[in-house]
Amino acid sequence: MSGIAVKPIGYACGASIEGVDLSKPLSREDERAIRAAWVEHLVVVFPKQQVAPGQLVDFSRHFGELEDYASQPFNRHPENDEVMVITNKRTNGKPSPTFNAGQNWHTDLSYTIRPAKATTLFCIEKPSVGGDTMFANMYLAYETLSPKMQAFLDGLEGIHDASLIQGLEKRGPEIVAEYKRLNPPVIHPAVRRHPDSGRKALYVNERVRQFVGLSEAESKPLIRFLCDHAVLSRHVYRHYWSVGDLVMWDNRCLTHLAVGDYDPGESRHMIRTSGKGDHYGRLVEEAQGTQARPVLKGKEVAAAVDALRD
Ligand code: SIN
């Protein structure tokens with residue numbers, strides 16, 4: 001029997017889990033209990049942990065195959081490709097390529113055809129105030145829409161575009177170019193059914209450029225409405241970090257935001273793993289039946305999507 005204690009810490013989502021040391025091998029019972037808590041609460045917080053990168057990987061592997069971050073090879077841990085360093089500390093004497101990661105509402109790697117399932121994030125250093133992470137429950141976002149809007153969205157697909165990452169351009173022209181080259185826009189359903197819970201979740205966030213079959217002008221206000229609706233305060237849990245928190249969330253039914261409200265002179269230093277989700281999306285170029293251009297830029301994406309209209 002598992003000795004872990006699960007305590008809800010948010011209305012929309014979020015539970016803390018105590019009674020387990022994640023630097024040690026996980027028992028089957030604890031794994032089962034953690035998985036159940038994760039499916040129920042979507043965000044689980046393990047306070048007062050001390051894990052090295054390899055131990056974070058060992059823990060994360062209990063929840064599936066891990067991403068090697070080949071599509072964003074910019075701040076991987078020097079000893080472990082499955083660990084991304086999310087930090088505002090200088091890296092090799094240069095500004096960190098992840099100094100402003102995650103600062104618009106998103107779900108991890110939704111601009112790839114295999115977007116993330118579980119993400120784990122472990123806090124090593126934090127600013128004295130701020131630097132929180134907010135999570136929005138996308139089941140609630142979907143379930144609180146009118147039945148007509150739900151039916152409309154059930155048939156819709158969105159174009160997820162890495163160039164909509166907030167502040168990407170601040171990471172420098174080489175990183176931006178490589179990011180876009182490695183991550184051409186992809187199409188995902190606007191609503192996904194979660195394989196474990198069976199519930200439908202809205203899968204639209206601030207990195208969606210347009211809906212397939214709708215013009216850009218038609219798409220934009222709908223995307224804005226859905227993003228605003230999704231992050232109403234009653235759908236959101238805000239995590240105030242402590243050093244030693246290990247947080248694991250489910251990208252299939254949440255969006256999240258790294259809040260940039262802290263002194264950039266203070267360190268915020270985290271390590272992250274991402275579990276590979278199901279093959280879900282398809283490339284816009286594939287949908288068009290052409291591989292002619294490896295990278296579509298803003299207006300070209302809109303034109304390519306318009307061309308998909310029937
Ligand atoms: C992320 O978007 O995965 C990072 C979130 C954070 O740094 O708070």
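The model I am reading is a predicted one.

**Entry 1, the second largest cavity.** I looked up the second largest cavity and found a volume of about 70 Å³, with a lining that divides into 6 nonpolar, 5 polar and 1 charged residues. The residues that line it are I86, T87, N88, T98, F99, N100, A101, Q103, A258, V259, Y262 and R268.

The largest of them has a volume of about 310 Å³, and its lining is made up of 24 residues, with I86, A101, G102, H106 and R272 lying nearest the centre. By class I recorded 13 nonpolar, 6 polar and 5 charged residues in this lining, to which β5 (80-87), α5 (173-182) and β15 (254-258) each supply at least two residues.

**Entry 3, the ligand.** Which space does the ligand take? I found that the ligand takes the space of the largest cavity. Around the ligand I listed I86, G102, H106, D108, L121, T133, W249, H256, A258, R268 and R272, a shell of 4 nonpolar, 4 polar and 3 charged residues. Of the 260 Å² of accessible area that the ligand has on its own, the protein covers 99%.

**Entry 4, the pockets.** Turning to the open spaces, I noted about 360 Å³ in the largest pocket, whose lining of 14 residues has F74, K94, P95, P97 and I175 nearest the centre and splits into 5 nonpolar, 4 polar and 5 charged residues. For the second largest pocket I noted about 260 Å³ of space, and a lining of 15 residues in which E67, S71, T112, I113 and R114 lie nearest the centre. That lining contains 7 nonpolar, 3 polar and 5 charged residues.

Definitions and conventions:
Residues numbered from 1 in each chain as written. Predicted model: local features only at pLDDT ≥ 70, side-chain atom pairs only at ≥ 80, totals over all residues. Heavy atoms only, no water. Near = heavy atom within 4 Å. Areas by Shrake-Rupley, 256 points an atom, 1.4 Å probe, with all protein chains shown as cover. 1 Å grid on protein atoms, 1.4 Å probe; cavity = no way out; pocket = protein on both sides within 12 Å on 5 of 7 lines; lining within 4 Å. Sits in = over half its atoms within 2 Å of the grid points. Nonpolar A, V, L, I, M, F, W, Y, C, P; charged D, E, K, R; others polar. Points joined across faces, edges and corners; volume = space filled by probe spheres on them. Helix = DSSP H or I, 4+ residues; strand = E, 2+ residues; numbered from the N terminus.
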